[in-house]
Every structure is written in C-alpha cells, then in structure tokens.
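Me: I am new to this structure. Please walk me through how to read its features.

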Amino acid sequence: MSRIDWERVQAGLERARHRILWRPYGAPDVLSLDSSSFFDGPIEPPWSIPDRLIVSVAITGAFFRKDANPAQPITPEEILSEARACAAAGASTLHIHVRDDRGYNTLSLERFQQVVQPLREEFPEIAIDGCLVPVLEGEWEEMCRVLDADVFDAAPINTTTVYLGDTLFSKPLPLILEKTRLVRESGAKPIIACYTDADVSIAARYLLRSGLVETPAYWLILPALPGCSPMESPRQMVEGLLRTTTVIYETDPDATVMVCAAGRPSMHLVTVAAALGLHIRVGMEDTIWPWPHRDEKLTSNLQTLELAQTLASALGREIATPAEYRTLVDLPKRSQAVAS
C-alpha cells in the first residue's frame with residue numbers, strides 16, 4: 001500500500017507550475033563537455049592513456065595439455081603454426097614455451113630453435129620472449145645454452161613463491177638474482193613476472209633497489225590462476241588488479257605493465273587492463289576459456305588475438321606493431337641486440 005501523501009504532491013506540482021528548475025546561465029550553450037562559458041580552458045581534458053596497446057600472444061605455456069583443451073598446441077610444429085598465424089595477424093610480440101614428447105615443458109635449445117628460427121626468418125622485426133624456468137636436474141645448464149644462443153629478446157623473471165595449482169612453485173632468491181644477471185648479460189631484457197602483490201615487493205627489494213634491474217622496468221602481472229591473486233568474481237578481479245598495479249606504480253612510476261588473460265577471468269581481465277591504459281597478454285598459456293561465464297574452450301591462439309583486436313578497436317587504442325613494441329619497452333632491434 002502506498003504511503004505517499006498525494007495531496008501534498010499535487011500541491012507541490014502546482015507551486016512548481018509543472019516545470020523543472022532551469023537557469024541556463026551559460027546560454028546559448030546548454031551543456032558542453034569540453035569548455036565553460038565562464039572561463040577559458042578545457043573542463044574534461046583527454047585521459048592519459050597510451051594510444052598504442054601492446055598485445056603479446058603466449059602460445060602454449062607449461063601447464064595445460066590436450067586433456068584440458070583438445071586444441072592446445074603441444075608439438076613444435078603445432079606451436080610454430082599457432083605462432084606464425086598470430087604474427088601474420090598483427091601480434092605485437094610472441095611468448096614461447098616448448099614441450100617434450102610427453103607434452104611437458106622443456107628448456108630444450110633444439111626445440112626452441114625449431115620454433116623460433118623459422119619465425120625470425122619470416123617475421124624479422126617481431127620480438128620473441130621465452131619462459132626459462134629450470135625445474136629438473138640439468139635444466140639450469142640448458143637455460144644457459146638457450147641464453148648463450150641468443151634465442152630470445154626477453155625473458156621473464158618470476159619473483160614468486162606460490163602453490164600454483166597443486167604444485168609448489170618457488171624461486172629461491174639466489175636463483176632469481178643469478179638468472180637476472182644471466183638474462184641481462186645475454187642481451188635479453190628481463191620481464192618481472194608477478195603472480196601476487198607480494199611478488200612486487202620481492203622484485204622491488206632485490207632487483208630494483210640492488211640496481212640489478214634499472215627503472216623504468218617491464219612488468220608482467222599473471223593473476224587468477226589457482227594460488228595466484230584470487231579473482232573469483234568481477235569485484236575481486238577489479239580490486240585485485242588495481243591493488244597490484246598500484247603497488248607496481250608506487251615502486252616504479254614509469255613502469256611498462258602487461259596483464260595476462262589468465263584463469264577464469266580471461267578476456268574480462270584484460271578488458272579492464274586495457275581500459276586502464278595497461279598492456280595485455282592473451283593466448284593459450286594462461287587459460288583454457290575465452291570468457292569467465294561460459295565453459296566453452298579456446299579454439300586457437302588466433303582466436304584470442306582477434307578478441308584482443310576487437311577490444312582495442314572498441315577502446316580506441318591501436319595495437320602496437322613489432323617495431324613500436326620494441327620502442328615502447330626499450331628493446332633494441334635484433335641486429336643491435338646481437339651486436340651487443
């Protein structure tokens with residue numbers, strides 16, 4: 001039952017003469033989004049968001065096999081085919097893992113070369129980075145072989161200790177420091193990879209404040225996987241991303257920050273990141289789903305790049321070319337990197 005005093009409402013209408021209060025002090029303009037009639041200058045200046053959006057495509061990663069997603073590229077031939085399609089379609093940069101015959105991650109120099117060398121020949125400008133995480137006996141030495149062979153333009157440094165799924169993934173501090181030194185001495189660029197905001201603190205304490213990595217640095221945020229920064233709802237996703245980026249920018253104000261379409265949040269996460277002016281990484285390394293509210297699986301890496309291209313268009317940002325990517329992250333041209 002209504003408790004409104006309709007007689008009082010009617011009396012108010014009569015006093016207002018059935019009209020809103022209207023004083024167009026700025027006439028003849030009723031509303032302007034960019035100026036005021038009372039002073040000279042903009043009232044809603046353009047946002048400070050980079051026009052160029054870096055889109056990296058991470059082709060396969062170390063985690064998912066075909067039982068998780070039948071479309072997952074596993075063999076060197078499959079990985080090369082997916083990478084070639086994304087490079088041809090306009091990816092800014094590529095991130096490469098390779099797998100062994102059982103489908104598990106490997107640091108094999110020969111397998112990396114099977115994928116990377118044809119890409120270098122066909123797409124000489126594109127920058128390629130690779131994940132070199134030594135886990136098994138002998139893999140540290142194999143990582144050094146890959147770095148000595150100048151396979152990659154950059155490599156992530158994971159400053160983390162997490163239970164990644166059901167696996168403890170922890171980088172001992174001496175390994176973090178020595179790997180960073182080796183990556184730099186090889187001519188590749190370190191990418192600081194963070195799974196939680198605590199990882200930012202570790203990087204700040206040991207890599208930045210020691211002078212081992214110069215600022216502005218290149219940061220990669222990989223949240224939302226089980227054990228990483230939790231993002232099990234839209235609110236968690238937004239608040240978690242803002243928390244981590246805030247810590248990075250207070251540590252490294254001019255940082256280049258890239259966010260991965262990871263776990264359940266997938267493309268929703270990088271949509272928020274791109275709207276914030278950050279850069280993004282898509283691909284089949286970090287998730288098996290294109291969207292968080294559906295269970296359908298990704299069909300290819302090209303699908304993720306095409307979604308990113310649609311996103312960039314909707315936000316008015318241009319996807320950086322490989323040459324622009326090198327400039328944005330201060331990465332020398334390939335010939336200069338080899339010469340150094």
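Me: Where is Ala 224 found?

Reply: Ala 224 lies in the loop between E11 and H7. Helices (H or I, at least four residues) and strands (E, at least two) are DSSP runs, numbered from the N terminus. The model is predicted: local features need pLDDT of at least 70, side-chain atom pairs count only at pLDDT 80 or more, and totals for chains, interfaces and linings use all residues. Residues are numbered from 1 along each chain as its sequence is written, and side-chain values use heavy atoms, with hydrogens and water left out.

Me: What is the phi of Ala 224?

Reply: Most residues other than glycine have a negative phi, and most peptide bonds are trans. Ala 224 has a phi near 80°, a positive value in a residue other than glycine. Phi of Ser 266 is positive too, near 45°. Ser 266 sits in helix H8.

Me: Is Ala 224 buried or exposed?

Reply: Buried means under 20% relative accessible area, exposed over 50%, partly exposed in between (1.4 Å probe, protein chains only). Ala 224 has 15% relative accessibility, so Ala 224 counts as buried. Ser 266 is buried as well, with a relative accessible area of 2%. Across the protein, buried residues make up 49% of the 340 residues.

Me: Which residues does a cis peptide bond join?

Reply: Pro 28 is in the loop between helix H1 (6-15) and strand E1 (52-53). Another joins Thr 215 and Pro 216, with omega about 0°. Pro 216 is in the loop between H6 and strand E11 (218-221).

Me: At what angle do H6 and H7 pack?

Reply: Start with the axes. They are lines fitted to C-alpha atoms, for helices over the stretch in contact, and angles run from 0 to 180 degrees between N-to-C directions. Helix H6 (residues 197-208) and H7 pack at about 15°, with their axes 9 Å apart. Angles under 35 degrees count as roughly parallel, over 145 as roughly antiparallel, 65 to 115 as roughly perpendicular and the rest as oblique. H6 and H7 are therefore roughly parallel to each other.

Me: Which residues of H6 and H7 meet?

Reply: Contact means heavy atoms within 4.5 Å. From H6 come Asp 197, Val 200, Ala 204 and Leu 208; from H7 come Arg 243, Thr 244, Val 247, Ile 248 and Thr 251. They divide into five nonpolar, two polar and two charged. Here Ala, Val, Leu, Ile, Met, Phe, Trp, Tyr, Cys and Pro count as nonpolar, Asp, Glu, Lys and Arg as charged, and the others, Gly among them, as polar.

Me: How do H7 and H8 cross?

Reply: The axes of H7 (residues 234-251) and H8 (residues 266-275) come within 11 Å and cross at roughly 45°. H7 and H8 are therefore oblique to each other. Met 237, Val 238 and Leu 241 of H7 make the contact with His 268, Leu 269, Val 272 and Ala 273 of H8. The residues of this contact are six nonpolar, one polar and no charged.

Me: What is the mean pLDDT of the protein?

Reply: pLDDT is the predictor's confidence in each residue, from 0 to 100. The mean is 95, and 98% of the residues reach 70 or more. Over residues 336-340 the pLDDT is below 50. Where pLDDT is low, the predicted coordinates should not be read in detail.
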